[in-house]
Structures are given as structure tokens and as C-alpha cells.
Amino acid sequence: MIFVPGAFVSDVADTTVDRFATWVETSVPTLLRVLLVLFLAYLGIKLALFVLRRVLGRLYGEREALVVDLAVTIVGIFLWFSVALSILSMLGMGEIAASMGTTTGFVALGVAYALSEMIEDTVAGVYLLRDPDFEVGDRVVTEKGEGLVRSIELRKCRLEQDDGSMLVVANGDVEKKWTRKEAEGTAGSAAEP
């Protein structure tokens, strides 16, 4: 057999073009389905998050906007993660999608354990935001100190002390035990949750 460089290059080019054409022919329908799913998922998730934000906004009101934002963000992450796993399955990578789902569960468990105090403060913050006895402007006594409630956030409360300094207390510490003091000149009353 005699080696002819032009014929070899031509054969390689023909084979490459044939393989590429076959790949396009088999992959284009799948890619179009993926693009359609992405487009519909985008619209569906936008609509779902809009509705969720409106419903929770009416339920919680403006005072608890942080709770609404947190809930919408968590739901959005779960929805987009589900879409990503579905797309991987559509592309023939079901084993990878299953592995990612399992791994994400273990990672989430580890992160939840590592951030347990933060999660405790956030949950306590939701309770404090919902508590009608604990409002901005109230004078309260906690184990960490006493002061006028200036803000209630998801993870911490800010209490203005008599000397004008700001005491920042984790919501988990406040939720454990606190007492509301009445305005000057009236008897104090306990308002423990």
C-alpha cells in the first residue's frame, strides 16, 4: 500500500464530517428539548416565585420582609436545582444527576450542622418577628443586657442601651428568655415567649 497524503487527509475529513453530521442529527432534537425546558422552567419559576412572594408578603407584611426574602430564595434554589437535575437526565447523564442529588443532600446536612447556631438564630428571628409582644420601640431585658429594641433582623436584635451604645444580641439568646418593661412610671410586666 502506498501512502498518499492527500487521500489520507480527504478520508479523515470525510469521516470527521460524517461523524459531526451524525452527532448534529441525533443531538439537535435533544438540545432543542433542553432549551425548551429551560425556557419553560424560567417562566414557571419566575411565576411561582412571584406568586409566593405576593402570598407571603400579604401573610407576613412589610415588617417581616426578610422572612419573605429568605423563603423565596430557598424555594428558588430548590426549583432551579431540580431543573438542573432534570436537564442532566435529559442529556443522558442520569447517573450524574442521581449522584449530584445524593451528594447535595449530604453536603446540605453537613452545612446545616456547621451552621446550626446561625439556623437557630434565624428560626428564633422568625418567631420574634411574628411575636406581637416583642416590637421595635419596646424596652426589654435579656440575659445579655437591657435596652430599647431598635431593630429585629433574622439573626440578631439591636438594643439601644441607656448610655446610647448599641447592644447586638443573637436572636437565639433573646428567644430563650426576655422580659418587656413597660414605659416609665408603670409597673413592669413579664412577656416571655
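Two aromatic rings of Phe, Tyr or Trp form a pair if their centres lie within 6.5 Å, and planes over 60 degrees apart count as edge-to-face. With that in hand, here are some close-up views of this predicted model.

**Close-up 1. One aromatic pair is present in the structure.** The ring centres of Phe134 and Trp178 are 4.9 Å apart and the planes meet at 75°, so this is an edge-to-face pair. Phe134 belongs to the loop between α4 (116-130) and β1, while Trp178 sits in strand β5, so the pair ties together parts that are 44 residues apart in sequence. Phe134 is buried, with a relative accessible area of 0%. Trp178 is buried too, and its relative accessible area is 0%.

**Close-up 2. An open sheet is built from five strands.** Follow the strands across and you will read β4-β3-β2-β1-β5, with antiparallel pairing. The edges belong to β4 (166-170) and β5 (178-181); each has a single partner strand, so one side of each is left without a neighbour in the sheet. On average, neighbouring strands in this sheet are turned by 45° against each other, direction ignored.

**Close-up 3. Strands β1 and β5 run antiparallel.** Here you can look at β1 (residues 139-142), which is joined to β5 by four bridges. Within this pairing, Val141 stands opposite Thr179 of β5.

**Close-up 4. Thr30 lies in helix α1.** The helix spans residues 5-60. Thr30 has a relative accessible area of 18%, and because buried means under 20%, Thr30 counts as buried. Leaving aside residues up to four places away in sequence, Thr30 touches Met90 and Leu91.

Notes
Residues numbered from 1 in each chain as written. Predicted model: local features only at pLDDT ≥ 70, side-chain atom pairs only at ≥ 80, totals over all residues. Heavy atoms only, no water. Pairing = 2+ DSSP bridges. Helix = DSSP H or I, 4+ residues; strand = E, 2+ residues; numbered from the N terminus. Axes fitted to C-alpha atoms, helices over the stretch in contact; angles between N-to-C directions. Buried < 20%, exposed > 50% of the residue type's maximum accessible area, 1.4 Å probe, protein only. Contact = heavy atoms within 4.5 Å. Phe/Tyr/Trp six-rings, centres within 6.5 Å; stacked < 30°, edge-to-face > 60°.
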